[in-house]
Amino acid sequence: MDRRDFLKTLGLSAVACGMFRTAARARSHKPNILYIMADDHAAHAIGAYGGRLAKLDPTPTLDKLAREGMILDNCLCANAICTPSRVTILTGQYSHINGITGLGGNVPGEQQYLPLLMRDAGYQTAVVGKWHIGTQPEAFDYYNVLHSQGKYHNPEMQERKTPQGREVTTPTEGYCSDIITDISLDWLENRDKSKPFFLMHHFKAPHKPWDNAERYNDLWEDIDIPEPPSLWDNENNGSIATRGHNDELIGIIGKSVSPRHHSGYSLRYHKDGLSAEEATRESYQRYLKKYLRCVRGIDDNVKRLLEYLKAEGQLDNTLIAYSSDQGMMLGEHDYVDKRWMYEESIKMPLIVRYPRSIKPGSRSDALISNTDFAPTLLDFAGMATPDYMQGRSFRTIAETGREPKNWRQSSYYRYWVHMPPDGQPAHFGIRTKNYKLIFFYGAPMEPGKQFRTPPGWELYDMQNDPHEMNNLYGDPEYKTLAAKLKKELLRLREEVKDSDADRPHIQAVIDKFWDGGEEEAIRISHELAAKGHTPPSRSKEPKAK
Ligand code: CA
């Protein structure tokens, strides 16, 4: 090598080294992390996600956040219900691995992996707002949380200032979303500013009973909220599992907007003496207005958080993520509540903003799972994903818009709780970018604890039928596809280590109805229709005004 070549190589190496150092600095830089989560905030109730509610402008701040960051269009919850989703976010594990399949159960401090690892990464950690897990957030440096569901007005807050400190319960005055934000702002102001922060800011809103801040009492009052067409005509959505044979179970299964239920699972936000159509219309309007007013109360509080960070010069130095523990049925298919594998319920909104590496105005349709949240946040904090987490960091997707090699092309879902408290049968299934296959096995976790509902399958073409109005299962043209998806579903169950081997009564249902059993399903449907079903006593919804 002559001198000129040597200098050239040296020069290139120096450039390469310089680039490496810059990249390494960017990778080793620890941004603050503000993780904001709502409760039951459906993606289609955020303007930036589009849809029929976008024209009402429910979320001006979140829309701006989306314009300055990335929208994830296919973020799917692995089990669309509050506590299990929250525990999956903390552990990076599916419900059957972390042990929290329903609303009960404890997660001891040593299992609250995300805040523990953030502390190891040098972060000051806090959680404020709704927690809704049996064990308190012991693994955080600071917490100030609602007890269980908490109240919308004048909630009591449970605070622990240091890991060695004692928990103190304090009454408050005001509206829940405002109070939670006041607490977060106070913590941010008084934190140890020599360390980066990791703050989980969890709103209670817009969970039922949908009490809004008084300042929004009249918002959208004189406007008719657009209805989903499936409120009136559900076409070929559903199956024997969700509607019964010849619709004989629509008064028993699934919480509804319309007063169709004889089992008490209807919203009933209407005055007495109305026709079914009038009652449905009135309940829907009242439900959506209450819900969206709670959403607006989140949006204006997110604005306060962002304005504070901006004034502090920390806005662009903070990775901000906005999500919800799962979605919500807002009258689609005449349903209220979540839990379903249907799109409005399974989809979590997810917006991420970090202008140092995430391109403003970007969007991705990669299949993201809530098992990925902890690995991703840890990745931004400079921590590798521990092997006990089942999710994977989507940092590359957020930063480049491209899916890394071997990124998942199918997502596993399972809703474990059968029927009570809101009338959804147990089911599992698979979602790809193009299709969704659901198997309602309709049996409780423990045999004999609840009655069975008829097992059945549903298959939807997500590209051509995004509102899931035509169940293609059983259509001869889709037989090969259904078989292929079933095979992939079995592979996924193995991959995520879900098995019913220790629940022989469920495994027997899977074996019997995997490819047949239609006559038996009709018999179960008839039996249930004849017997009826009374849900257990539960907290009352507010009465219609
Ligand atoms: Ca929830």
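Pro209 is found in the loop between strand S8 (197-202) and helix H7 (240-243); helices (H or I, at least four residues) and strands (E, at least two) are DSSP runs, numbered from the N terminus. The peptide bond from Lys208 to Pro209 is cis, with omega near 10 degrees. Pro421 sits in the loop between strand S15 (410-415) and strand S16 (427-432).

The model is predicted: local features need pLDDT of at least 70, side-chain atom pairs count only at pLDDT 80 or more, and totals for chains, interfaces and linings use all residues. Residues are numbered from 1 along each chain as its sequence is written, and side-chain values use heavy atoms, with hydrogens and water left out.

The chain has 14 helices and 18 strands. Its radius of gyration, taken over C-alpha atoms, is 24 Å, close to the 24 Å of the globule rule for 545 residues, so the chain is as compact as a globular protein of that length. The rule is 2.2 Å times the number of residues to the power 0.38. The C-alpha atoms fill a box of roughly 90 × 60 × 45 Å along the principal axes. Of the 545 residues, 59% count as buried (under 20% relative accessible area, 1.4 Å probe, protein chains only). Among contacts (heavy atoms within 4.5 Å) between residues at least 6 apart in sequence, 69% join residues at least 24 apart.

Most residues other than glycine have a negative phi, and most peptide bonds are trans. Asp40 has a positive phi, near 70 degrees. Asp40 lies in the loop between strand S1 (32-38) and helix H2 (60-67). It is buried, with a relative accessible area of 1%. Arg339 also has a positive phi, of about 70 degrees. Its place is the loop between strand S11 (336-337) and helix H9 (343-346). Arg339 counts as buried at 4% relative accessibility.

Lys289 lies in helix H8 (residues 276-311). Lys289 is buried yet has no salt bridge (a side-chain nitrogen of Lys or Arg within 4 Å of a carboxyl oxygen of Asp or Glu). The nearest side chain of opposite charge, Asp224, is 5.0 Å away. Leaving aside neighbours within four places in sequence, Lys289 is in contact with Trp220, Glu221, Ile223 and Ile225.

Eight of the eight residues of helix H10 (residues 373-380) are buried, so H10 is largely enclosed by the rest of the structure. Among them are Phe373, Pro375, Asp379 and Phe380. Gly382, with a positive phi near 85 degrees, follows H10.

How values were computed:
Buried means under 20% relative accessible area, exposed over 50%, partly exposed in between (1.4 Å probe, protein chains only). Lys and Arg count as positive and Asp and Glu as negative; His and the chain ends are not counted.
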